[in-house]
Amino acid sequence: NSFLGAQVVQQYIQSPSVFVKCASENVFNFWFQGKNRSTTMANVAVQSAYLILALAGIFLGFREMHKPTLWLMLLFVVYTMAIYVPIHAQARYSIPIMPILSILAAMPICKLMVRGLHRCGASEPRPAVG
């Protein structure tokens with residue numbers, strides 16, 4: 001393993017474009033790569049919308065969320081990706097960060113729902129009385 005690792009590092013030093021190509025492919029693989037082509041396409045369909053909502057949630061989070069909490073969440077996502085992306089990435093490795101991304105993805109959905117309720121003239125939701 002040490003010998004192979006040294007060879008890879010040497011190749012990346014000699015040709016940084018190989019490193020960029022491998023890293024970008026592994027980022028794609030981290031989110032979308034399945035066991036076969038149809039699984040990969042299904043992952044692209046599902047994960048793309050999910051990632052777009054999470055990115056929107058990150059932007060909303062910087063405006064409306066407790067900054068240290070948001071930074072810790074993002075650090076966990078980046079740390080998880082940093083472990084798997086350089087080595088061997090497949091979509092199954094992104095599963096541990098899905099709860100974090102779910103929180104972020106829920107933020108724009110909630111924002112849209114609140115806007116829709118206000119447009120319809122609905123008041124704030126009230127707790128149910130027994």
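Here are some worked exercises on the helices of this structure and a few of their residues.

This is a predicted model, in which local features need pLDDT of at least 70, side-chain atom pairs count only at pLDDT 80 or more, and totals for chains, interfaces and linings use all residues. Residues are numbered from 1 along each chain as its sequence is written, and side-chain values use heavy atoms, with hydrogens and water left out.

**Exercise 1.** Describe how helix α1 packs with helix α2.

*Step 1.* Start by locating the helices, which are DSSP runs of H or I of at least four residues, numbered from the N terminus. Helix α1 covers residues 2-14 and helix α2 covers residues 16-32.

*Step 2.* Next comes the geometry. The axes are 4 Å apart and the packing angle is about 110°. Axes here are lines fitted to C-alpha atoms over the stretch in contact, and angles run from 0 to 180 degrees between N-to-C directions.

*Step 3.* Find the contact, meaning heavy atoms within 4.5 Å. From α1 come Gln11, Tyr12, Ile13 and Gln14, while α2 supplies Pro16, Val18, Phe19 and Cys22.

*Step 4.* Sort these residues by class: six are nonpolar, two polar and none charged. Nonpolar covers Ala, Val, Leu, Ile, Met, Phe, Trp, Tyr, Cys and Pro; charged covers Asp, Glu, Lys and Arg; the others, Gly among them, are polar.

**Exercise 2.** Work out the span of α2 and list its buried residues.

*Step 1.* The 17 residues of α2 reach 24 Å from first C-alpha to last, close to the 24 Å expected at 1.5 Å a residue. The expected span is 1.5 Å times one less than the number of residues.

*Step 2.* Asn26, Asn29, Phe30, Trp31 and Phe32 are the buried residues of α2. Buried means under 20% relative accessible area, exposed over 50%, and partly exposed in between (1.4 Å probe, protein chains only).

*Step 3.* These buried residues pack against α3, α4 (67-84) and α5.

*Step 4.* Take Asn26 as a case: its relative accessible area is 13%. Neighbours within four places in sequence aside, Asn26 touches Val85, Pro86, Ile87 and Ala89.

**Exercise 3.** How many disulfides does the structure hold, and are Cys22 and Cys110 buried or partly exposed?

*Step 1.* Apply the criterion, a pair of cysteine sulfur atoms within 2.5 Å. The structure holds zero disulfides.

*Step 2.* Check accessibility: Cys22 is partly exposed at 25%, and Cys110 is partly exposed at 44%.

Key:
Helices (H or I, at least four residues) and strands (E, at least two) are DSSP runs, numbered from the N terminus.
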